Amino acid sequence: MMISPVEERRPAVRAALRSIQWVTLGLLVALGIGPLYMTVKGAVSPSADLIAKPLALLPADPRPENFATAWADLGVGGYLLNTLQVVGGAWAVQLFVAVTAGFALSVLRPRFGRYVYGAILATMFVPYTVSMVSLFMTVIDLGLVDTYWSIWLPAGASAFNVLLAKRFFDALPAELFAAARIDGATTWQLLTKIVLPMSRPIVAVISLLAVMHSWKDFIWPLVAITDPEKQPISVALANLAEQAPQDELIAAMAMALAPPVLVFLVFQKYIVAGLGFTGVKG
Amino acid sequence: MIRKNTLTALVFLVPALIVFGAFSWWPIVRGLLISFQSTNLVDPAEWVGPANFTALFTDPLLGVSIRNTLLFVGLALLIGFPAPLVLATVMATVRRAAGLYRFLVYLPVVIPPVVAILLWKWFYDPGHGLFNELFGLVGLGPFPWLDSPGSAMLSLVLQSTWAGMGGAVLIYLAAIVGIPSELYEAAQMDGASIRARIWHITLPQLRPVIGLLLLMQLITTMQVFTEPYVFTGGGPENATLTVLLLIFRYAFQDGAYGQAAALSLLLAIVLGILSAVYLRATRSWSAS
């Protein structure tokens, strides 16, 4: 502990500490809750109020129907559904690739494995943004433009996921694999009956990273999905920002940030712990 | 027997080989090739030698975009780097309601970037935006925020610091909690004040984490795109035109794919060096 319990009982230290902590808490509330509150307030305020009384804490004449208008006029529901598909597919592909590759490299250990692993890890030196142009051409060649496969498949090529899976499988007791083999388990059964049931923590961490990453990604969906009907909500909002009326746009933003904020509210313990797991020590 | 095992392993590696092959390895190699080619996506590509690089280096916007990117990286370091460290140090002293602090500090991170940026754009409104109204209460401003070439980049950095701080705070916090308390106790017996302990124990103990987060931040901020794209579109007067935004414009607005690939290659070299340093540092730190 930076400050010992004995010291903490000294009045001067205590007063200073408490005031710093309270100021910090106030700051965090302002920075964390403030913008969310202003969004919800803005969403139910008429446009005129947004200009006349931006500081009012409560809307003078609340209009919850703004949500319905934005939902209908801006097509928020459709875009949210698109985002859900993008995130769901990207999650499934990432998990599948990481688990199969990690299993092959860690448990089956073919002789060429280390070259494959090396080639996978090498991609960590090249963020996808710098090969975006050629990635776009490849996606065109394969006829994947405007399909969600153009997001799902490249998302699967995450070296960090493979690294996490392989390292976790490396730490599992090898005797279990040998025993299962002797009992006549097939390789597939070895994966699904022995390895996966023991790997819930790493499956959760990879899932968390996959979902967060694809929910937040912007530049690649912007490039790969040109059909406005198919765009995820983030890309759609960036386009709508120029044309939609202010109050409807804010209502749409409130609806776009509600799902991740709610998920975070419910799973915050696991999310914070999962981040600790993948932190720099990973 | 060995043959069969190898074959099975290969089967399990097929998904990875397909996605890495088609969407990572090949695009990396192809990016290298394209930077020496001219292509319009329809006709077959032609070799043009260093023409793309010549075109790139004669574009006055190249220098502008590099300067802007470095300005963003620099400001983000100056503002965004100490903030999480200070916050984490304060949060480490909190006993009750520590979870509440952690929740609040991470909340901005879960807001989708485009939504967060559009929100801040609304707050930055020079007319009746939240920020100018708030500053107006204490007699300051109005500030032009995004509308002036002088303050636009700073406005971008402030938002991006707010949006990204939570992750760094949690990592620092975990590291601070992990510092052995004997170190503090010994220092205290030698009469070290609280401030001296933070300065001579906490900070030195955090040095590896600080180094890693510094590199991670450099790598991320060098690729800044969403903020300038959504906030300002690169304006006003190209004051927020960053390297990645310029690559995007070359490729997807001008159709100058070769030139875009050439600039990507330059960015890749810089990022590759930083990543190599980062991975080296991670390894030496995990080993210690």
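These exercises work through a predicted model with chains A and B.

Residues are numbered from 1 along each chain as its sequence is written, and chains are lettered from A, with ligands numbered from 1, in the order in which they are written. Because the model is predicted, local features need pLDDT of at least 70 and side-chain atom pairs count only at pLDDT 80 or more, while totals for chains, interfaces and linings use all residues.

**Exercise 1. Find where confidence in chain A is lowest and where it is highest.**

Step 1. Recall the scale: pLDDT is the predictor's confidence in each residue, from 0 to 100.
Step 2. Take the whole chain. The average for chain A is 87, and 96% of the residues score at least 70.
Step 3. Go to the helices (DSSP runs of H or I, at least four residues; strands are runs of E, at least two; both are numbered from the N terminus). Helix α3 (residues 47–52) of chain A is lowest, with a mean of 71. Helix α8 (residues 149–156) of chain A is highest, at 95.
Step 4. Apply the caution: where pLDDT is low, the predicted coordinates should not be read in detail.

**Exercise 2. Describe the overall form of chain A and of chain B.**

Step 1. Count elements. Chain A has 15 helices and zero strands. Chain B has 13 helices and two strands.
Step 2. Check the radius of gyration (over C-alpha atoms; the globule rule is 2.2 Å times the number of residues to the power 0.38). Chain A has 24 Å, whereas a compact globule of 282 residues would have a value near 19 Å.
Step 3. Box the C-alpha atoms along the principal axes. Chain A fills roughly 75 × 65 × 35 Å. Chain B fills roughly 75 × 75 × 30 Å.
Step 4. In chain A, 38% of the 282 residues count as buried. In chain B, 41% of the 288 residues do.

**Exercise 3. Compare the record's spans in chain A with the model.**

Step 1. Read the record. An unreviewed UniProt entry places "transmembrane region" at several spans of chain A, including 20–40 and 249–267. The positions are in the numbering used here, feature names are shortened, and annotations may be inferred rather than shown by experiment.
Step 2. Residues 20–40 of chain A are 100% helix, with end C-alpha atoms 30 Å apart. Residues 249–267 of chain A are 100% helix too, with ends 28 Å apart.
Step 3. Take the longer feature. The unreviewed entry puts "domain: ABC transmembrane type-1" at residues 80–268 of chain A. This span is 75% helix and 0% strand, and its end C-alpha atoms lie 22 Å apart.

**Exercise 4. Characterise the side of chain A that touches chain B.**

Step 1. Count residues in contact (C-beta atoms, placed from the backbone, within 7 Å). Chain A gives 74 residues and chain B gives 81.
Step 2. Find the main contributor. Helix α2 (residues 11–43) of chain A gives the most to this side, with 12 residues.
Step 3. Sort by type. The side of chain A divides into 53 nonpolar, 18 polar and three charged residues. Nonpolar means Ala, Val, Leu, Ile, Met, Phe, Trp, Tyr, Cys and Pro; charged means Asp, Glu, Lys and Arg; the others, Gly among them, are polar.

**Exercise 5. Why does B:Leu212 count as partly exposed?**

Step 1. Locate B:Leu212: helix α10 (residues 194–222) of chain B.
Step 2. Count neighbours. B:Leu212 is partly exposed because it has 19 C-beta neighbours inside 10 Å.

Conventions
Two residues are in contact if their C-beta atoms, placed from the backbone, lie within 7 Å. A residue is buried if 20 or more other C-beta atoms lie within 10 Å of its own, exposed if 12 or fewer, and partly exposed in between; C-beta atoms are placed from the backbone.
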